[in-house]
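Please look over the structure shown below.

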Amino acid sequence: MAAPCHRGVSAGDDAVGTGTSFKRKVRGKFPAIPGTRPSVHNGQLLVSTGVPSLDHIIGGGLAVGTLLLIEEDTYGTYSHLLLKYFLAEGVISGHEVFVASANDDPTDTLQDLPAPLTDEILRQNDPKSTKEAFGHVEDSQDMMKIAWRYQNMPKMEALPILSSRFGHYYDLSKTMPLEMSAKSHRFFLPHVKPPNQKENVSEVTCNYNQLLEAIQRVVHQEGYDGSNPQKRPKTVLRVGIESLGSVLWGDDICSHERPENQHSLTRFLYALRGLLRTSLSVCVITVPTHLIQNEAITTRVRNLSDTVVGLESFIGSEMEANPLYKDYHGLLHVHQIPRLNSLISDVADTKDLAFKLKRKIFAIERLHLPPDLSDTVSRSSKQDLAGSAKLLSSGCGPAAGGQKHLDF
Amino acid sequence: MFPELNSLLGAGTDTVERGKFTLLCDSKTDGSFLVHHFLSYYLRAGCRVCFVALVQSFSHYSIVAQKLGVNLSSAKDEGQLVFLEGLRSYTDLLFGDNPEAEVTNPLCFLRAGSDLKPLYSFVSAALAPSAGQSWKCPVLILDDVSVLLSLGVPPLQLLDFMHYCRATVCTQYQGNVVCLVHGAEESGDEEKELLRRSLSHQSQVILWAEGLSSGFCKEVHGQLKIFRGAVSSGKKRGQTQPEIYQYKIQDKHVTFFARGLSAAVL
């Protein structure tokens with residue numbers, strides 16, 4: 001509860017103070033920012049994506065200064081959710097948030113974030129339950145003296161609202177309490193004034209240009225690029241951009257009528273990459289790649305991002321009925337893991353990953369066959385399983401390997 | 001610098017071959033480790049290096065080079081290395097408010113939409129021989145030329161640029177050029193494929209890093225094909241078989257081995 005918080009705050013001081021030699025050497029390069037931790041592999045400062053299992057897959061978290069590209073599932077259900085988790089994590093960690101969209105109003109998105117599942121945070125914000133909690137504490141002190149060691153634990157009120165822990169779980173059935181709001185910047189394309197036509201055409205397409213300028217303004221004004229020594233931010237800027245590359249952004253990358261626009265998206269991404277690398281910010285973009293007809297553009301977009309994951313939901317696809325996938329809601333493809341400050345990247349052991357969504361958890365796990373619990377398994381369903389196992393092309397043992405099933 | 005790759009290529013830090021154009025390709029994997037190899041190799045060999053880094057920031061290259069035993073910052077200070085950080089130049093170009101700096105920016109062609117002359121003059125100025133230098137030969141390293149395609153440079157202009165660089169650095173200055181191009185077969189990117197084919201036609205050595213066709217493996221990260229001689233010069237194409245090695249990238253070096261002879265299976 002409070003322990004990680006204290007550790008996070010004092011991490012910077014440990015390096016300076018004498019102390020024992022048994023302490024982990026912490027470089028005093030970054031002041032301890034809540035909600036971040038250094039990577040064990042390359043020392044990069046990481047922030048959580050808001051989904052702990054996704055953090056694990058992409059090498060511990062999202063490195064500050066990098067870009068996570070989420071390739072949307074067909075209806076955008078789960079990718080939109082991942083973006084919300086990312087923003088909610090920013091709100092809880094006290095980071096600054098920048099939301100850009102051409103479809104949903106970012107204000108609505110920010111009001112609709114899932115509530116954190118951390119008990120102490122909820123109690124803090126709900127006066128009724130706080131009272132209950134206090135009553136409960138007093139009662140227990142009167143009644144039982146079993147747990148002596150808990151007497152010295154810090155009281156509930158000592159805890160800050162913002163939690164500096166790395167990664168949280170969220171309850172999708174509740175929305176984030178209104179009192180908890182980070183400093184946020186919004187970019188909603190329909191509300192943005194059209195630019196005066198002084199820019200030349202060979203630049204990034206106008207809408208991307210405006211977005212880029214908006215991000216740059218925030219980064220520069222809030223001092224995330226380190227240009228202003230007086231304004232040293234103690235937080236990270238989280239940029240979330242929804243459905244980049246969709247037609248709503250005025251993007252016509254695949255049209256042959258205006259071939260000069262073909263490079264607008266990649267130019268934008270390159271400039272954004274340059275911005276992120278020189279500032280204390282991190283970005284998540286969802287891109288509807290299934291709408292981009294040109295495979296070449298998709299590859300280029302991937303090459304210009306750092307981490308790339310793709311979502312493939314089962315909604316509306318024939319895989320929904322497949323017994324192999326009955327526990328899951330979709331597949332997650334890891335397309336690219338960045339090599340930051342090292343020759344190697346932290347590639348997970350397995351590439352067969354699936355996700356499932358429950359009320360309190362968005363879990364990404366290794367895809368495996370569900371246990372066969374029924375007593376009388378009909379032959380046909382077993383053959384289905386075998387067929388789908390072949391489709392998965394992973395070694396599944398001899399039992400599901402072929403047509404020959406022995407019925408005893 | 002990976003000593004094993006040096007011995008495969010027959011190169012040493014004592015003597016550096018001159019006038020060579022080396023093309024690095026990758027498909028289904030990331031070939032950037034080859035760039036790090038050549039950067040640290042030429043710096044160690046005492047060559048004057050111009051490094052056009054379009055993909056990553058300076059700190060990334062610097063930290064990796066440190067692992068390979070080369071200090072980029074001091075090389076930069078001593079004048080051995082000229083480093084062009086593409087990401088920074090491009091953001092300066094977009095958001096900078098100094099019109100004078102814009103003219104001297106090597107990437108200013110991206111704004112004007114003209115040819116790559118500014119970048120070429122930057123390169124040739126950086127590598128021009130000057131009196132009182134103790135460096136061996138000039139070397140130009142380009143990390144990922146295909147980024148320029150993504151930024152909207154037409155492939156023909158890019159090929160012109162590469163030709164100029166080759167003519168100046170390889171022939172006139174008797175130096176070397178190394179450049180990386182991402183492979184594009186599987187994605188059907190015609191521009192990239194055109195670029196790769198044309199450059200491989202001009203190159204003396206091609207190092208091609210490929211992901212394993214059988215998929216991801218923890219112990220073997222890919223295979224490296226080494227083509228020597230002008231590959232597509234008609235006559236030689238059938239004669240020269242590529243040498244194929246498999247490799248595993250570790251924290252500070254890369255081990256190469258013959259196919260199927262990974263330490264994990266022996």
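The model is predicted.

**Strand β10 of chain A**

Strand β10(A) spans residues 281-287. Of its 7 residues, 7 are buried, so the strand is largely enclosed by the rest of the structure. S281(A), C283(A), I285(A) and V287(A) point one way. V282(A), V284(A) and T286(A) point the other way. Both sets are buried.

β10(A) pairs with β4(A) and with β9(A). The table lists these pairings.

| Partner strand | Residues | Sense | Bridges to β10(A) |
|---|---|---|---|
| β4(A) | 67-71 | parallel | 5 bridges |
| β9(A) | 237-241 | parallel | 5 bridges |

I70(A) has T286(A) as its bridge partner. V239(A) stands opposite C283(A).

**Interface of chain B and chain A**

Chain B brings 42 residues to the contact, and chain A brings 33 residues. About 3300 Å² is buried between them, with 57% from carbon and sulfur atoms. In chain B, F95(B), S150(B) and F216(B) lose the most area to chain A. Together they give 18% of what that side buries.

Polar links cross the interface too. There are 12 residue pairs in polar contact, both residues at pLDDT 80 or more. The salt bridges number 3. E191(B) and R300(A) meet in a salt bridge through their side chains, at 3.0 Å from N to O.

Which helices of chain B each supply at least two residues to the side that touches chain A? They are α2, α3, α5, α7, α9 and α11. α5(B) gives the most, with 7 residues. That side of chain B divides into 17 nonpolar, 15 polar and 10 charged residues.

Conventions: Residues numbered from 1 in each chain as written. Chains lettered and ligands numbered in written order. Predicted model: local features only at pLDDT ≥ 70, side-chain atom pairs only at ≥ 80, totals over all residues. Heavy atoms only, no water. Buried < 20%, exposed > 50% of the residue type's maximum accessible area, 1.4 Å probe, protein only. Helix = DSSP H or I, 4+ residues; strand = E, 2+ residues; numbered from the N terminus. Pairing = 2+ DSSP bridges. Contact = heavy atoms within 4.5 Å. Buried area = accessible area lost by both parts, 1.4 Å probe. Salt bridge = Lys/Arg side-chain N within 4 Å of Asp/Glu carboxyl O. Polar contact = N/O pair within 3.5 Å; in protein donor to acceptor, adjacent residues only side chain to side chain. Nonpolar A, V, L, I, M, F, W, Y, C, P; charged D, E, K, R; others polar.
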